[in-house]
Amino acid sequence: MSSPADLGPVNSDPGAGPGYTDRPAEAAGDGARRATRWQRRVTETVGSLLAAALLSFLMRTYVVQTFWIPSGSMIPALNVYDRILVQKAFYTWHDVREGDIVVFTHPPMDECGGFTSGDLVKRVIALPGQTIYSAGNNIYIDGHLLAEPYLPVNDALGPPIASSQHPYRVPPGDFYVLGDNRADSCDSRFWGPIAGTSIVGKAILVIWHDSHPELHGL
């Protein structure tokens with residue numbers, strides 16, 4: 001009689017043959033690979049979202065930012081609820097020019113009422129060291145009449161600015177700013193010049209105007 005040792009290798013699976021494979025183990029391997037691929041996709045998606053959020057934060061903080069216009073002080077250039085794109089990168093108060101529309105932090109001397117916090121937007125009229133005064137509805141910078149084609153028709157200046165005998169000299173590092181719609185603007189006539197360090201950036205583009213998308217430069 002043959003002993004078990006004489007029978008050769010014993011396969012415990014009666015259905016196994018020469019082509020037999022361990023299907024449960026193969027299925028487990030496929031599942032592990034699918035899980036790995038899914039984890040990789042999730043990781044890539046989360047990484048992409050975080051990168052986009054970081055880029056958006058950096059763009060908003062250091063490069064450009066959108067602002068909306070809460071009042072009619074800059075009509076007709078900017079209407080209420082218009083949205084503008086403001087350049088922040090490569091623009092400091094040393095780059096400010098007469099006629100620029102700038103966004104700046106709320107001046108501490110503002111006692112006009114209305115919006116008491118948040119940033120404001122006005123047009124730069126006089127630079128540091130320049131003199132300014134008004135006569136009627138006209139403004140004079142360093143004794144020369146200031147051309148203001150951006151003003152609304154029949155725009156009254158309102159409160160006068162110094163006088164030709166005693167013009168106001170803008171202090172170093174400060175800027176004299178006015179709204180284009182002088183009758184509806186609280187500006188340097190009321191709370192004095194703004195500090196250059198308070199300037200957030202320069203308005204360069206309108207992206208939303210009169211309740212619809214619109215692109216035009218400022």
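Two strands count as paired if DSSP finds at least two bridges between them; strands (E, at least two residues) and helices (H or I, at least four) are DSSP runs, numbered from the N terminus. The exercises below use a predicted model, in which local features need pLDDT of at least 70 and side-chain atom pairs count only at pLDDT 80 or more, while totals for chains, interfaces and linings use all residues. Residues are numbered from 1 along each chain as its sequence is written, and side-chain values use heavy atoms, with hydrogens and water left out.

**Exercise 1. Describe the surroundings of strand β4.**

Step 1. Find the partners. Strand β4 pairs with strand β9 (residues 174–178) in the antiparallel sense, over 3 bridges. Strand β3 (residues 101–104) also pairs with β4 in the antiparallel sense, over 4 bridges.

Step 2. Lys122 in β4 has Val102 opposite, and Val124 stands opposite Val177 in β9.

Step 3. Check burial (buried means under 20% relative accessible area, exposed over 50%, partly exposed in between, with a 1.4 Å probe and protein chains only).

**Exercise 2. Classify the ring pair Trp93 and Phe175, then the pair Tyr133 and Tyr140.**

Step 1. Rings of Phe, Tyr and Trp (its six-membered ring) pair if their centres lie within 6.5 Å; planes under 30 degrees apart count as stacked, over 60 as edge-to-face and the rest as tilted. The structure holds 5 such aromatic pairs.

Step 2. Apply them to Trp93 and Phe175. The ring centres are 6.3 Å apart and the planes stand at 70°, so this pair is edge-to-face.

Step 3. Locate the two residues. Trp93 is in the loop between β2 (83–87) and β3, and Phe175 is in strand β9, so the pair ties together parts that are 82 residues apart in sequence. Trp93 is partly exposed, at 29% relative accessible area, whereas Phe175 is buried, at 1%.

Step 4. Turn to Tyr133 and Tyr140. Their ring centres are 5.0 Å apart and their planes are at 10°, so the pair is stacked. Tyr133 and Tyr140 are both buried.

Step 5. Arg123 lies over the face of Tyr150, at 3.8 Å from the ring centre.

**Exercise 3. Which strands stand at the edges of the open sheet formed by 4 strands?**

Step 1. Write the strand order. The sheet runs β7-β6-β5-β8, with antiparallel pairing.

Step 2. Read off the ends. The edge strands are β7 (144–145) and β8 (168–169); each has a single partner strand, so one side of each is left without a neighbour in the sheet.

Step 3. Inspect one pairing. Strand β6 (residues 138–141) and β7 run antiparallel and are joined by 2 bridges. Ile141 has His144 in β7 as its bridge partner.

**Exercise 4. List what Cys186 touches beyond four places in sequence.**

Step 1. Locate Cys186. This residue is in the loop between β9 and α2 (188–191).

Step 2. Collect its contacts (heavy atoms within 4.5 Å). Leaving out residues up to four places away in sequence, Cys186 touches Asp110, Cys112, Lys122 and Trp191.

Step 3. Note a C-alpha separation. The C-alpha atoms of Cys186 and Gly113 are 9.1 Å apart, although 73 residues separate the two along the chain.

**Exercise 5. Examine the backbone at Pro76, Asp210 and Ser211.**

Step 1. Recall the background. Most residues other than glycine have a negative phi, and most peptide bonds are trans.

Step 2. Check Pro76. The peptide bond joining Ile75 and Pro76 is cis, with omega about 10°. Pro76 lies in the loop between β1 (64–68) and β2.

Step 3. Check Asp210. Its phi is positive, near 50°. Asp210 sits in the loop between β11 (199–209) and β12 (212–217), and it is partly exposed at 42% relative accessibility.

Step 4. Check Ser211. Its phi is also positive, near 70°. Ser211 lies in the loop between β11 and β12 and is exposed, with a relative accessible area of 64%.

**Exercise 6. Judge the confidence of the model.**

Step 1. Take the average. The protein averages a pLDDT (the predictor's confidence in each residue, from 0 to 100) of 82, and 75% of the residues score at least 70.

Step 2. Look at residues 1–16. Here pLDDT stays under 50, and the model has 2 contacts beyond four places in sequence for this stretch.

Conventions. A charge sits over a ring if NZ of Lys or CZ of Arg is within 6 Å of the ring centre and within 35 degrees of the ring normal.
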